[in-house]
Amino acid sequence: MSVLAPRRSTLPGFGLTMGLTLTWLSLIVLIPLAGLFVRSTDLSLAQFWDIVTSRRTLSALKISFGLSFAAACVNLVMGTIVVWALVRYRFPGRRLFDAIVDVPFALPTAVAGVALTALFAQKGWLGAPLAAAGIKVAFTPLGIFIAMIFIGIPFVVRTVQPVLIDLDPEIEEAAASLGASRWHIVTKVILPSLTPALLTGFALAFARAVGEYGSVIFIAGNLPNVSEIAPLLIVIRLSEFRYADATAIAVVMLVVAFVIIFAVNRLQRWAQSQAST
Amino acid sequence: MTIEARGVVKTFGSFKALDGVDLKVANGELLALLGPSGSGKTTLLRIIAGLEWPDAGEILFDGENALDRGARERHVGFVFQHYALFRHMSVFENVAFGLRVQPRSIRKSEAQIRARVKELLDLVQLDWLADRYPSQLSGGQRQRIALARALAIEPRILLLDEPFGALDAKVRKELRQWLRTLHHSINVTSIFVTHDQEEALEVAHRVVVMDKGRIEQVGSPNDVYDSPATAFVHGFIGESIMLPVEITGGAVHLNGRPLDIAAEGAAAGASTLFVRRHDMLIGPADSGTLHGAVTHVRSFGPVQRAEIALTEGSTIEIDAPRDRELRIGDRIGLKPRHYRIFAGG
């Protein structure tokens, strides 16, 4: 490391913190993930390919990533509106609503799953009127979608909130004095300033939804090829002692998730470079 | 365009920011609002811009009521102390913003917008920065871009809120002269707010001195410096010696001793004698109006500043030319060349 080291710094401790960081990340993240890859090499390439391209696996992956993406999109829009209301207006119960946003963070996911299932079941409070309108939520992909929205919303709200609070009101006044309409101020000035935070919130909500298990399996119905998410399929394979199958699916999830998060990260970096002070 | 404020009142909670302000600004004038913080100068500027609404009073543009129009409809260029540039837009897009958000019916073509932005960037001498982002500019450059952005919409009035307040001393001085030249070439009625008297006196045609939500004096830089209308103005502008005096029977007394200066019509009672530091003439110890001993001398620039312990019982600081030799312990007599007496302690 002689290339990096011999320069006096006003922030000492680089060696110590870097060492701890690498050790810690290796223990907690890298070694378990590497184990996953090693495990999947028990399979030949052809076997791996067969497992991964089987109809049931592909359906599960499509459901997991597709619905997670859709849920993150909804959270992006609705979360932004919630943040706007919480930050920009003073209304009775604002603090209460602000606290409620965190509930999906703290609630055990199984509890959320049971609650949502009860709510959207055929005879539930929301399920009954929806069923009358011909919409079935519980035990369908729609149910998965709703559970994913539920667990993802705080991520968007909590990442965008501090940025919106810090947004200088003078920016909006400047835009208004230049003749911008309210619509132009929001679309051309405020939203672009929030873009990096919005992307982060989106990525976090998406990642959370992809990895979500507890709340989804209660409401999903878990029909293979219809409403079975990839994490559940992994658990099923494990319970069948088909460990190699499980790790193959897991590796695919890992790679896809990593690629998506990495892409969002790059996008966010780019947006940040456009919006930094 | 002329601007007129009539009886403008504005309170924030229990704080009276503006307490009945009347002001007329002539077409093409460059006016400074000068006052300490909390004097209401920025509030007045924001009310004129339509960013704030008064509790009472009127704002007239060319004799027409401006208060029924919002900031968007007033066609006022506003420059903020902290620039308020759009961080996610290039310099070019910042300047073009006002042109791009115009209603479709009057919006210029892309080519016209480009030409206009180029023209404005040339005007502020920063055309070479068009593709940069605000974060890559120095404070002085940012403020010039903010000015170009405000001018893009061809405002009828230009308002600047402490435009150089966030800049360092050297850049401030450069931009002052630059602003005066710029105003001369565009000739838009302009008002700028400042707490820096030097800035106000050097740049503006007329200076409005404000304190506690009221206008204390309106006049040319010479007027407010040479003939302050109130004790506040005398104390705020320029450096003054202030001595508490008592007027009795047409004579001026300092700590019970009569001073050999005329009361100049000042009413009887507790008053304050104001003398500019450089208006104290130094003479022999047995001459003059006030007497004392030099206790401290510092020299900088063309003057020396001496601290004098008066035998009349106060300590004052005076400015003297450097060729008048002063040593600590010297006993001297002082005579005010000009002075003013204002009622009140």
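This is a predicted model: local features need pLDDT of at least 70, side-chain atom pairs count only at pLDDT 80 or more; totals for chains, interfaces and linings use all residues.
You'll find N255(B) in the loop that links strand 12 (251-254) to strand 13 (257-262) of chain B. What makes this asparagine worth a look is its backbone: N255(B) has a positive phi of about 50° although it is not a glycine. Most residues other than glycine have a negative phi.

Y83(B) also has a positive phi, about 70°, and is not a glycine either. Is Y83(B) buried or exposed? Y83(B) counts as buried, because it has 25 C-beta neighbours inside 10 Å. On the chain, Y83(B) belongs to the loop between strand 6 (76-79) and helix 3 of chain B.

## Helix 3 against helix 5

Helix 3 (residues 91-100) of chain B packs on helix 5 (residues 139-151) of chain B, with the axes 7 Å apart and an angle of about 30° between them. That angle is under 35 degrees, so helix 3 of chain B runs roughly parallel to helix 5 of chain B. The crossing of helix 3 of chain B with helix 5 of chain B is right-handed.

Which residues make the contact? From helix 3 of chain B come V91(B), N94(B), V95(B), F97(B) and G98(B), while helix 5 of chain B brings I145(B), A148(B) and R149(B). Sorted by class, the contact of these two helices has five nonpolar residues, two polar and one charged.

## Where chain B meets chain A

The contact between the chains takes 19 residues from chain B and 20 residues from chain A. On the chain B side, the elements that give two or more residues are helix 2 (71-74), strand 6 and helix 3.

## Chain B as a whole

Stepping back, chain B has nine helices and 20 strands. Its C-alpha trace spans about 80 × 45 × 35 Å along the principal axes. Of the 345 residues in chain B, 40% are buried. Among contacts in chain B with a separation of 6 or more, 65% join residues 24 or more positions apart.

Technical notes:
Residues are numbered from 1 along each chain as its sequence is written. Chains are lettered from A and ligands numbered from 1 in the order in which they are written. Axes are lines fitted to C-alpha atoms, for helices over the stretch in contact, and angles run from 0 to 180 degrees between N-to-C directions. Helices (H or I, at least four residues) and strands (E, at least two) are DSSP runs, numbered from the N terminus. Angles under 35 degrees count as roughly parallel, over 145 as roughly antiparallel, 65 to 115 as roughly perpendicular and the rest as oblique. A crossing is left-handed if the near helix is turned anticlockwise from the far one by less than a right angle, and right-handed if clockwise. Two residues are in contact if their C-beta atoms, placed from the backbone, lie within 7 Å. Ala, Val, Leu, Ile, Met, Phe, Trp, Tyr, Cys and Pro count as nonpolar, Asp, Glu, Lys and Arg as charged, and the others, Gly among them, as polar. A residue is buried if 20 or more other C-beta atoms lie within 10 Å of its own, exposed if 12 or fewer, and partly exposed in between; C-beta atoms are placed from the backbone.
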